[in-house]
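These are my notebook entries on one structure, written as I looked things up.

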Amino acid sequence: MKLRKRAIVLLVLIVAAVGLMIYLFNRPAIVFVDQTDIEINSSVDAASFIEKVRGHEKSEVKIDTSKVNTKKLGSYVIVYTLEDEKYELEVEVVDTKAPTFDIKKDVKTDASGKLKANELVENIKDDTKTKVYFKEDYDLTKTGKKEVTVVVEDEGENQTEKKTTLQIVKDQEAPTLTGQQDLIVLQNKDIDYLKNIKVSDDFDPDPTVKVDDSHVKLSKLGDYKITYTVTDRSGNKNKYEQTVSVVDKLPVKDKGQSDEKIVYLTFDDGPSANTQKILDVLDQYNAKATFFVTGTNQKYNYLIKEAHKRGHTIALHTYSHDYSKVYSSVDAYFQDLNQLGEMVKKEIGYVPRYIRFPGGASNTVSRKYCPGIMSTLVKEVKNRGYQYYDWNADSTDASGNHVAVSKLIANGTSSQANNINLLCHDTDAKSTTVEALPSIIQYYQQKGYQFKGIDDDAFTPHQKVNN
C-alpha cells in the first residue's frame, strides 16, 4: 500500500511538473493591461498597453497601429511583434466627454407643437456627432410660459442637459417670399422655379414652398403665370404670382459689380508654350481663370482641353488675330468668330458664349478698316447670344515682350475694385507674365479675394466704344 501511495504521489508531482513546464513554455511573452480604451481624436500610445514583457525589453517590441482610426468610434486591433511572434490586442476608441452647448433663453415660439429641440441650442461642441431632443414629450400647443429641458447626446451616449423657458404664442403671420423675378426660359428647356428664391418666417425655420406651373407650356412661345404658395408650420399661407416667358433666344444681360471680392484673371491670345506653366501656377494657388483663345497657335490646342478639364473658363478672342480681316466688315468678324468657335468645340464639346474683341470694345484701329463697326458689333454679338468682356485692370504685359516682372506685379495689383477683370496675355513671349503671377495671386488672396473663371454671374466690364 505504501508503495502504491508513493507511486501516485510521484505521478501527481510529475504531471504537475510537466504542466508547469508546458505553461511556462507557452505563456505569452507580452502581458497587456486590462484598460485598453482610447479617447476619440487622441493619439495612440500603444506602448502604454504593455504591462510587461517576459525575458525582453519593451523597446524590442514592434508595434503596428495602422488599423486604428482614432477619429471614429469602434473596436480596432493593434499588432505587437516580438521575435516573429505576433500578438493582437483589441482596443476600443471611445468618447467619454459630454457635449457642450449654449441654450437660447426666453424663446418665443408658435403654438403649432412642431418646435424642434435643435432650434433652442447653438454652439454645440463635441468630438462625435450629436443629436438634440427634449427630455420629455412636452405639450407645446398651449399658449403661455413653459419650462423645457433640452438634451444633447453624442455617439458615446454622453449627455448634457439644459433648461430654458418658452413663451408660446399663437402665430398669425404668414411667411414671406423674396428673390422672385420674371423668369425667362428657352423653348423646350427645363426651368428651376426655385432658383434665388428665399422663404422666411417669424417662427418656422423651414416653411414649405409649392409652385403651381400648370398653365406653363414650355413647348410654346409666350408669357405664362405661375403661383408660389408658402406655408408655415402653423398653417399660415401667402401666395405670389410670377411671369414665365418661354423664348426662342435668351437675352444677354450685363452684370455690375457685386459685393463679393473676386478677381477674374483673364489671358488673351493663347494657347502657347506658356499655357502649361500658367495652369500649374493656378493649380498651386487653387485659382481659376479665363482663357480668351485664338486659332494662331494650334499645335498647343490640346491645352485648351486641359485648361477646361482643370475647371477654367474657355472663351473666344479671335481666330486669325488679323485686324485687317476681323474688322473689315460685320460679316467678316462673325466669320472669324464662328471659325474659332468650331475649333474650340472640337476641344471642349461646345462653342463658348463669352468673347473679347481684339483690342477690346474701345479700340480705334478698327476705324481704319470699317468706320463704326464696333458700335454695331457690341449690339450684334448680344443679339446672337454672346456676351463680351473688356477689363477694368491691366497687367500691361501687352506693352512689349519680356516686360519687367516688378512692373507687371505693380500694375497687376493696383486695382481696389470689388470685382477685378485683370487683363494678361498668354503667348510664347510672355514668360515674365508667368513669373509675376504668383505674387499677383498672393497679393489679392491675402486681401480676401477669390479667383474665379467668368460665368453667367460674372461682372461684365464694358469700355466706352470709340468706333
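In which hand, left or right, does helix 7 pass helix 8? I kept in mind from the start that this is a predicted model, and I found that helix 7 passes helix 8 in a right-handed crossing.

**Entry: helices 7 and 8**

I noted that two packed helices are described by the angle between their axes and the distance between the axes. For helix 7 (residues 405-412) and helix 8 (residues 431-446), the axes come within 9 Å and cross at roughly 35 degrees. I then listed the residues that make this contact, and they are V405, L408, I409 and G412 on helix 7, facing T432, T433, E435, A436, S439, I440 and Y444 on helix 8. Sorted by class, this contact has 6 nonpolar, 4 polar and 1 charged residues.

**Entry: helices 5 and 6**

I turned next to helix 5 (residues 330-348) and helix 6 (residues 373-383), whose axes come within 10 Å and cross at roughly 50 degrees. Helix 5 and helix 6 are therefore oblique to each other. Their crossing is right-handed, and the residues in contact are V330, Y333 and F334 from helix 5 with I373, T376, L377, E380 and V381 from helix 6. In this contact I counted the classes as 6 nonpolar, 1 polar and 1 charged.

**Entry: the cavity**

How many cavities of 30 Å³ or more does a search of the whole structure find? The search gives 1, and the volume of the largest cavity is about 30 Å³. Its lining is made by G270, P271, T275, F291, V293, L303, I304, A307 and D426. I saw that strand 20 (289-294) and helix 3 (302-309) each give at least two residues to this lining, with helix 3 contributing the most, 3 residues. By class, the lining of the largest cavity divides into 6 nonpolar, 2 polar and 1 charged.

Two of these lining residues, G270 and P271, made me look at the backbone, where I found that a cis peptide bond joins G270 and P271, with omega about 0 degrees. I marked this down because most peptide bonds are trans. P271 sits in the loop between strand 19 (262-268) and helix 2 (275-284).

Which residues lie closest to the centre of the largest pocket? The largest pocket holds about 990 Å³ of space, and of its 26 lining residues the closest to the centre are I184, K195, L250, P251 and D456. Strand 14 (residues 183-186) supplies the largest share of this lining, 4 residues. I wrote down the classes of the lining of the largest pocket as 10 nonpolar, 5 polar and 11 charged.

For the second largest pocket I recorded about 170 Å³ of space and 13 lining residues, with S258, E260, Y264, D457 and A458 nearest its centre. Its lining has 4 nonpolar, 4 polar and 5 charged residues.

**Entry: a positive phi**

Phi of N196 is near 70 degrees, a positive value in a residue other than glycine. I kept this entry because most residues other than glycine have a negative phi.

Methods:
Residues are numbered from 1 along each chain as its sequence is written. This is a predicted model: local features need pLDDT of at least 70, side-chain atom pairs count only at pLDDT 80 or more; totals for chains, interfaces and linings use all residues. Side-chain values use heavy atoms; hydrogens and water are left out. On a 1 Å grid over the protein atoms alone, a cavity is a set of points where a 1.4 Å probe fits but cannot get out, and a pocket is an open set with protein on both sides within 12 Å along at least five of seven lines; lining residues have an atom within 4 Å of a point. Grid points are joined across faces, edges and corners, and a volume is the space filled by probe spheres set on the points. Ala, Val, Leu, Ile, Met, Phe, Trp, Tyr, Cys and Pro count as nonpolar, Asp, Glu, Lys and Arg as charged, and the others, Gly among them, as polar. Axes are lines fitted to C-alpha atoms, for helices over the stretch in contact, and angles run from 0 to 180 degrees between N-to-C directions. Angles under 35 degrees count as roughly parallel, over 145 as roughly antiparallel, 65 to 115 as roughly perpendicular and the rest as oblique. A crossing is left-handed if the near helix is turned anticlockwise from the far one by less than a right angle, and right-handed if clockwise. Contact means heavy atoms within 4.5 Å.
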